[in-house]
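Here is a short briefing on a protein structure. Look over the sequence and the model before reading the points below.

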Number of protein chains: 2
Amino acid sequence: MTPLKPASAPRPSDSRSSMQEVAKRAGVAPSSVSRVLSGHPNVSEVLRNRVNDAVSAMGYEPDLLAQSLRRGATMTVGFVVANISNPLLSEIALGAETCLQAAGYSMLVTNSMSEPELDAEHIRLFARRRVDGLLLSISSENWQATIDAINKSALPVVLVDRELKVNQPVSAVLAEHGIGIADAVHHLASLGHQRIALVNGPADLRPARDRAATLRRVSRQLGITCIVRSGAFTAEHGERAVEFLLAQPDPPTAIVVGSNQILVGVLRALRHAARRIPEDISLVTCDEVPLAEFLVPPLATIERDHFEMGTIAAQLLLELLSGTKPRTKKVPTTYLPAGSVGPAPAST
Amino acid sequence: MTPLKPASAPRPSDSRSSMQEVAKRAGVAPSSVSRVLSGHPNVSEVLRNRVNDAVSAMGYEPDLLAQSLRRGATMTVGFVVANISNPLLSEIALGAETCLQAAGYSMLVTNSMSEPELDAEHIRLFARRRVDGLLLSISSENWQATIDAINKSALPVVLVDRELKVNQPVSAVLAEHGIGIADAVHHLASLGHQRIALVNGPADLRPARDRAATLRRVSRQLGITCIVRSGAFTAEHGERAVEFLLAQPDPPTAIVVGSNQILVGVLRALRHAARRIPEDISLVTCDEVPLAEFLVPPLATIERDHFEMGTIAAQLLLELLSGTKPRTKKVPTTYLPAGSVGPAPAST
DNA sequence: ATTCACTTTGGAAACGATACCAACATGAGA
DNA sequence: TCTCATGTTGGTATCGTTTCCAAAGTGAAT
């Protein structure tokens, strides 16, 4: 039997060369090579050249793994996200990664598929990988295992549109959902709408809470009725919610939709019920959808700058990594009226 | 002056405990702790218990960084992508990450913003980080620095809808764009269309090449005219291309659009030129867009399963990592007719 | 009782870099 | 000429694991 695995050196005949070899070739000590490469001030011209020549001759590139172990910093951050295929989150990821990249950091991404226990697991995994910090857009704000994992990790954390009771103070970038919702509700009320529904996301997440709270407050101020249906970020939830709403004795004349996944279900249910927009019912959605301008009618939208939220999240994390105190930054939302909002139908 | 930085131990009073400390607490050698934790067969019951007790008492979790350095495997793969906010790519990323996660791998993501030099740079960076493999959806197939970086890295590579002349054979997951294009062209031809335009992506990428080649071949077979406008994956390109096409003496009666970013520009230009779909011009787009079913008219689409492409890419990489020979897997595309395709207008 | 195979454990050398410390050289000031 | 501060270099311990090797213990077979 010939042994299938030599199983001795992990990388037997690898092309990569180590600093030792560079040192030997340059005829200097490894520590000197390190000094040259890390830009230490007290290095003579001649040594620097000798080392640099050897480095370029061998095509040497330092091993970031060993560097991380020794320096105690991996120059890596973890992004814990429900689902990177959500355009909202992928734009945030783009903004964050671009900013982190510029600062020399790499970004690990993991999908929790809206399962809170996976959030916690991934946070622990990232901690074991010794990431320098975390960007969190977790799936539930009330999951104890997640909070425990964050506390135990003792890592710098930036929350992305989330609020969390953890021991350490953490930074956060928060969208001011209330602004856009309030503007939308005022607009709807001015058009005679008396019953407004919010087909909302999960109640244990800040965006949904913020939107619901604002809708309730503004509705009370304006003396109109509102109804909130919380649920998952899925088309199914949107569909069920609309079926429920339309079955009410006094169905709402306007619907605000809490996410683009939910929107798909809402539109399907409205189409199935043959409701015309905006003649029968007005529609406002949260977060831009790609072709909203080409829908008939165009979709009124409560927007925010996702890319910028990602950038800010990264900046806040870089701040924390440089030792600054945690802080919270807010990003506005903007209500953009469009053809999907019209006068309330004459009451029956 | 009090020194601001003690600058000695990287993590002065860290909560994390090392294997040494576990060993000491359990009263055994570090190597024994390692054996227990890595499930080595020859470990006595009593030793195993002593170690496990100490481990759980201290809440010890092994340091993956040190593990990686010693074992020579980081259990990390890098995904090089033009722009993670592109829904196509973010769905691939989701599929890939889900699959890799299940196999114990983490995924680093980096955005090249369609700049080939950044592709090369990021590949080198990932190599220095000692990732175990690469998933590549690079921005140009002809960029020498990228090819050099791949060759030098000597890493297992899976190309995602790309073809590349590298030294080592690499695996690839490729979409069969031709199937969908051919079906669409046949459909259009059967409706009387004689001049079909393809507003294409960059000519140095496989999807665009594949689509253009098929369009030309099928057009020749059917005896109809085709025109291809290559360009970047941007709305601007789509807008310019349509302006150009409509300014032709004999403008096309049908347009196939090569990506969802380009689509936005195409739709804008058609709206601006007041062309009705499908009465004046028929439209087919590649790759699903979220609300295509609610556009008026609904958009004919050439689809493929992005999530599955990501999954397959990850599986191919896992295969390579287990030592299997590289291979290529193909994913079909499907033409879905819809209201945006209609009979060719009566020729002028 | 001796040998041998086998299991179980500890010790120490790696993985590839960094940073401390000491040693040596250099030049200025006394 | 002798200090002393400063600049430059090499040697070595260290980051936290794994794994090889050897030593010790066990039991069976001779």
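A disulfide is counted here when two cysteine sulfur atoms lie within 2.5 Å of each other. In general, a disulfide is a covalent bond between the sulfur atoms of two cysteines. By the distance rule, the count over all chains is zero.

This is a predicted model, in which local features need pLDDT of at least 70 and side-chain atom pairs count only at pLDDT 80 or more, while totals for chains, interfaces and linings use all residues. Residues are numbered from 1 along each chain as its sequence is written, chains are lettered from A and ligands numbered from 1 in the order in which they are written, and side-chain values use heavy atoms, with hydrogens and water left out.

**Cysteines**

- The sulfur of A:Cys226 has its closest cysteine sulfur in A:Cys286, 14 Å away, which is too far for a bond.
- B:Cys226 is in no disulfide either, as the nearest cysteine sulfur, in B:Cys286, is 14 Å away.
- A:Cys226 has a relative accessible area of 25% and is partly exposed; the classes are buried (under 20% relative accessible area), exposed (over 50%) and partly exposed (in between), found with a 1.4 Å probe and protein chains only.
- B:Cys226 is also partly exposed, at 24% relative accessibility.

**Chain A as a whole**

- Chain A has 12 helices and 12 strands, which are DSSP runs numbered from the N terminus (helices: H or I, at least four residues; strands: E, at least two).
- Chain A is more spread out than a compact globule, because its radius of gyration is 27 Å, well over the 20 Å that the globule rule gives for 348 residues. The radius is taken over C-alpha atoms, and the rule is 2.2 Å times the number of residues to the power 0.38.
- Along the principal axes, the C-alpha atoms of chain A fill a box of roughly 95 × 55 × 40 Å.
- Of the 348 residues in chain A, 52% are buried.
- Among contacts (heavy atoms within 4.5 Å) in chain A between residues at least 6 apart in sequence, 71% join residues at least 24 apart.

**B:Ser106**

- B:Ser106 is part of strand β2 of chain B, which covers residues 106-111.
- With 2% relative accessibility, B:Ser106 is buried.
- B:Thr76 is 30 residues from B:Ser106 in sequence, yet their C-alpha atoms are 4.7 Å apart.
- Beyond its neighbours within four places in sequence, B:Ser106 is in contact with residues of chain A, A:Leu108, A:Leu125 and A:Arg129, and of chain B, B:Met75, B:Thr76 and B:Val77.
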